[in-house]
Each structure stands twice: as C-alpha cells, then as structure tokens.
Amino acid sequence: WVGSHVTAELNGALLELTCVVQRKAFEAARKQMLKVGKDSRPIMRMVNELFLGDASEEDLATAGHKAGPGSRAEFYALLYLGLYNEAKGDAVHAKGYIQQAVSSAYGKGNPNPDYMYSLAVVHARERGW
C-alpha cells in the first residue's frame, strides 16, 4: 500500500483524536475529529467509521478476520482496535489488540514490514506490553 493524500489525512485525523482525548473525554474528542476523504482501502474506511462512531468494534474485528490470517487488513484492524480502546481508556482491551497486531503473521513473517508494524512494536514496547 503506497501512502496517499487520503491515508495521510486519516492518520493525521486519528493522531489528532488521540491527542485531544488526552485533554478531553473520548466522546468530546470524537466530535472534534477531523473529517477526511474516502480512503481507497476498505479496512481503513471502516477504521475511520469506527473512530467517528459510525461502525462498531465488532464490525472492524469481523472485517479484519474476513481478510484472513496474516493479511494486512487483519493487522490494521487489530492495531486500530488497540489504539481505539486506548483512546477510550480501556487499557486491557488495548493491550490485547496491540499484542495481537505485533504477533500477527503480517509483521512476523514479513522481512520488510511497513512502518505501521514498526509503530505497533514500538507502541507495545513503550507501554511495557
């Protein structure tokens, strides 16, 4: 997946939300989340919908599972479910999802994983997970 303008916008919007949530309640931060264009990747569109409140955690987990074990989509679903739960203040679920993302075949079996896999590894390490 080559980074695109929309992908950069979505990643920026999600980062903004996680920063704002440090100062405000999750729902208040969600209402201020930056609106972005339509991402070409179905899994990232669902991530955006989850953070906006238009999809459920179950929706994203199911989409990742359907993509198949070790798939990029499964990894991204797990990573963003972890970040979503962390933003909500649910460290238990956040830890579980991030650990699953880090141990997924997508990163473990890929000699050149993308930067988001590296982000997940560093995130888990910094949290002591």
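The model is predicted, and every value below was computed from it.

Two packed helices are described by the angle between their axes and the distance between the axes. For helix α4 (residues 57-67) and helix α5, the angle is about 160° and the axes lie 7 Å apart. With the threshold for this class set at over 145 degrees, α4 is therefore roughly antiparallel to α5. The crossing of α4 past α5 is left-handed. On the α4 side, the contact is formed by E57, L60, A61, G64 and A67, which meet A73, E74, A77, L81, Y84, N85 and K88 of α5. Sorted by class, the residues of this contact comprise seven nonpolar, two polar and three charged.

Helix α5 (residues 72-88) also packs against helix α8 (residues 115-127), here at an angle of about 40° and with an axis separation of 11 Å. The two helices are therefore oblique to each other. As α5 passes α8, the crossing is again left-handed. From α5, the residues F75, Y76, L79, Y80, L83 and E86 take part, and they meet M116, Y117, L119, A120, H123 and R127 from α8. This contact contains nine nonpolar residues, joined by one polar and two charged residues.

With ring centres required to lie within 6.5 Å, the count comes to five aromatic pairs. In one of them, F51 and Y84 have ring centres 5.3 Å apart and planes at 80°, so this pair is edge-to-face. F51 belongs to helix α3 (residues 42-52) and Y84 to helix α5, so the pair links distant parts of the chain, 33 residues apart. Both F51 and Y84 are buried. Y84 is also among the α5 residues that meet α4.

A second pair, F75 with Y106, has ring centres 5.0 Å apart and planes at 25°, so the pair is stacked. Here too, distant parts of the chain are linked: F75 sits in helix α5 and Y106 in helix α7 (residues 105-108), 31 residues apart. F75 is buried, its relative accessible area being 0%, and Y106 is likewise buried, with a value of 7%.

Beyond this pair, F75 and Y106 belong to a cluster that ring pairs build together with Y76, Y80 and Y117. The contact of α5 with α8 includes F75, Y76 and Y80 from α5 as well as Y117 from α8.

How values were computed:
Residues numbered from 1 in each chain as written. Predicted model: local features only at pLDDT ≥ 70, side-chain atom pairs only at ≥ 80, totals over all residues. Heavy atoms only, no water. Axes fitted to C-alpha atoms, helices over the stretch in contact; angles between N-to-C directions. Helix = DSSP H or I, 4+ residues; strand = E, 2+ residues; numbered from the N terminus. Parallel < 35°, antiparallel > 145°, perpendicular 65-115°, else oblique. Left-handed = near helix turned anticlockwise from the far one by under 90°. Contact = heavy atoms within 4.5 Å. Nonpolar A, V, L, I, M, F, W, Y, C, P; charged D, E, K, R; others polar. Phe/Tyr/Trp six-rings, centres within 6.5 Å; stacked < 30°, edge-to-face > 60°. Buried < 20%, exposed > 50% of the residue type's maximum accessible area, 1.4 Å probe, protein only.
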